[in-house]
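Thank you for asking for a second look at this model.

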Amino acid sequence: MKYMAIWFILSIIFLLLWTTKGITVWVKAAVTVYYIVLSYVFIARKEAIYAEYHTLPVPEQFWDNNSAWVESTQGFFFIPFLLLLLFNYYGWFQAAQGTAKKWGIALTLVPAAGVYVCLFFTFSMYGYRP
């Protein structure tokens with residue numbers, strides 16, 4: 001349960017990735033492996049930080065290391081995700097026939113950006129520092 005947000009974010013990324021037309025299966029598989037390895041490394045290091053500083057009261061160094069680790073890996077999760085979203089929107093926009101459909105696709109950028117920001121914020125909470 002501790003890493004449910006990561007699995008939720010990965011499920012959205014994988015759903016978007018594997019339903020995208022125009023990306024070969026090998027690229028999809030490589031991106032999938034990238035995210036699986038990245039998630040493993042992220043969780044392993046986060047647990048190592050937790051095990052290293054698992055004392056009461058929690059030392060200040062724990063919060064510094066934990067926050068720095070999350071900040072350093074956040075871009076590795078979300079920049080490729082953003083590129084995938086932009087690739088999809090570009091393809092949908094190019095395939096749309098007529099101005100009304102193109103406007104409809106453009107308008108869906110607002111809720112998609114909202115979801116992206118919410119996922120980004122949710123992930124950043126792994127580095128929360130009280």
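Does Glu 47 count as buried, partly exposed or exposed, and at what relative accessibility?

1. Glu 47 counts as partly exposed, because its relative accessibility is 28%, where buried means under 20% relative accessible area, exposed means over 50%, and partly exposed lies in between (1.4 Å probe, protein chains only). Before going further, please keep in mind that this is a predicted model, in which local features need pLDDT of at least 70 and side-chain atom pairs count only at pLDDT 80 or more, while totals for chains, interfaces and linings use all residues. Residues are numbered from 1 along each chain as its sequence is written, and side-chain values use heavy atoms, with hydrogens and water left out.

2. Glu 47 forms a salt bridge with Lys 2, and the closest N and O atoms of the pair are 2.8 Å apart; the term stands for a side-chain nitrogen of Lys or Arg within 4 Å of a carboxyl oxygen of Asp or Glu. The two partners come from distant parts of the chain, since Glu 47 sits in helix α2 (residues 25-52) and Lys 2 in the segment before α1 (4-18), 45 residues apart. Lys 2 is also partly exposed, with 49% relative accessibility. A search of the whole structure finds 1 salt bridge.

3. On the overall fold, the protein has 5 helices and 0 strands, and the order from the N terminus is α-α-α-α-α. Helices (H or I, at least four residues) and strands (E, at least two) are DSSP runs, numbered from the N terminus.

4. The radius of gyration of the protein is 18 Å, whereas a compact globule of 130 residues would have a value near 14 Å; the radius is taken over C-alpha atoms, and the globule rule is 2.2 Å times the number of residues to the power 0.38. Along the principal axes, the C-alpha atoms fill a box of roughly 65 × 30 × 25 Å. Buried residues make up 32% of the 130 residues.

5. Tyr 116, in helix α5 (residues 109-124), is buried, with a relative accessible area of 16%. Setting aside neighbours within four places in sequence, Tyr 116 is in contact (heavy atoms within 4.5 Å) with Phe 78, Ile 79, Phe 81, Leu 82 and Leu 85. Leu 85 belongs to helix α3 and is likewise buried, at 15% relative accessible area. Apart from residues up to four places away in sequence, Leu 85 touches Leu 16 and Tyr 116. Across the protein, 72% of the contacts with a separation of 6 or more are between residues 24 or more positions apart.

6. The peptide bond from Leu 56 to Pro 57 deserves a look, as it is cis, with omega near -5°. Pro 57 is placed in the loop between α2 and α3 (60-95). For context, most peptide bonds are trans.
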